[in-house]
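Me: I am new to this structure and would like to learn how to read it. Could you walk me through it?

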Amino acid sequence: MSEKTPQERLKEEQEYKDHVHHTKINAAAITDHLLGNIHTLHVKLHQYHWYVKGPHFFTLHEKFEELYIDNEKWFDRLSEQLLASGYKPASTTKELVEYSMLSEDPADKYIKAEEMVDNIIDDFRETRELTIRAIHLAQEEENVVFEDTLIEFKDDLDTKIWMLQAFLGKEALEDDDYHDEEED
């Protein structure tokens, strides 16, 4: 029996992912979306780090750097967790852009510092919602280790949201559509 070429192996992987995304989605498939979001955040946080202006420059320049460094740790940790469980995470720019649920705008380099922070809060909230879906799926799949990692990631996002909200002079859950829906 001949060994499969890299292209054949990639085709099989893509067919499997397409099947999972269109039949019964699992925690790993949702995590590809998380990785896409983290990739988009990597770019946005760098853009904001480079282009922030105004009286909060020093504070936010440093904070955005801290956030993109931490973001990269989660990117690696979630990807390695998937690999350890036998799943092939998205790993190319094309895949990550395809899976991302976040948007970016080149003109954002010209927005006010507070708007940059508000955009990051929205992106963290969107990512948190996906993380909650992945946590529930990991629970159903009885993948305790992955569930625990996702819970840690969600807790980290909650803390970042709270801190950035405080920077804007807001309460942690203020303007949070997800929590507003839970209360209804």
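Me: How do the residues lining the largest cavity divide into nonpolar, polar and charged?

Reply: This is a predicted model, where local features need pLDDT of at least 70, side-chain atom pairs count only at pLDDT 80 or more, and totals for chains, interfaces and linings use all residues. Residues are numbered from 1 along each chain as its sequence is written, and side-chain values use heavy atoms, without hydrogens and water. Ala, Val, Leu, Ile, Met, Phe, Trp, Tyr, Cys and Pro count as nonpolar, Asp, Glu, Lys and Arg as charged, and the others, Gly among them, as polar. Here the lining has 6 nonpolar residues, 1 polar and 1 charged.

Me: Which residues line the largest cavity, and what is its volume?

Reply: A cavity is a set of points on a 1 Å grid where a 1.4 Å probe fits but cannot get out, and lining residues have an atom within 4 Å of a point. The volume is the space filled by probe spheres set on the points. The search finds 1 cavity of 30 Å³ or more, and the largest has about 40 Å³. Its lining is Ile38, Leu41, Asn71, Trp74, Phe124, Phe153, Leu157 and Lys160.

Me: How do H3 and H6 run relative to each other?

Reply: Compare their axes, lines fitted to C-alpha atoms, with angles from 0 to 180 degrees between N-to-C directions; under 35 degrees is roughly parallel and over 145 roughly antiparallel. The H3 and H6 axes cross at roughly 170° and come within 11 Å, so this pair is roughly antiparallel. Their contact has 11 nonpolar, 3 polar and 6 charged residues.

Me: At what angle do H3 and H5 pack, and which residues meet?

Reply: Helix H3 (residues 57-84) and helix H5 (residues 113-140) pack at about 20°, with axes 12 Å apart, and are therefore roughly parallel. Contact means heavy atoms within 4.5 Å: Leu60, Phe64 and Leu67 of H3 meet Ala113, Met116, Val117, Ile120 and Phe124 of H5. That contact holds 8 nonpolar residues, no polar and no charged.

Me: How do H2 and H5 cross?

Reply: The H2 and H5 axes come within 9 Å and cross at roughly 165°, which makes H2 roughly antiparallel to H5. The residues of this contact divide into 14 nonpolar, 6 polar and 4 charged.

Methods. Helices (H or I, at least four residues) and strands (E, at least two) are DSSP runs, numbered from the N terminus. Angles under 35 degrees count as roughly parallel, over 145 as roughly antiparallel, 65 to 115 as roughly perpendicular and the rest as oblique. On a 1 Å grid over the protein atoms alone, a cavity is a set of points where a 1.4 Å probe fits but cannot get out, and a pocket is an open set with protein on both sides within 12 Å along at least five of seven lines; lining residues have an atom within 4 Å of a point.
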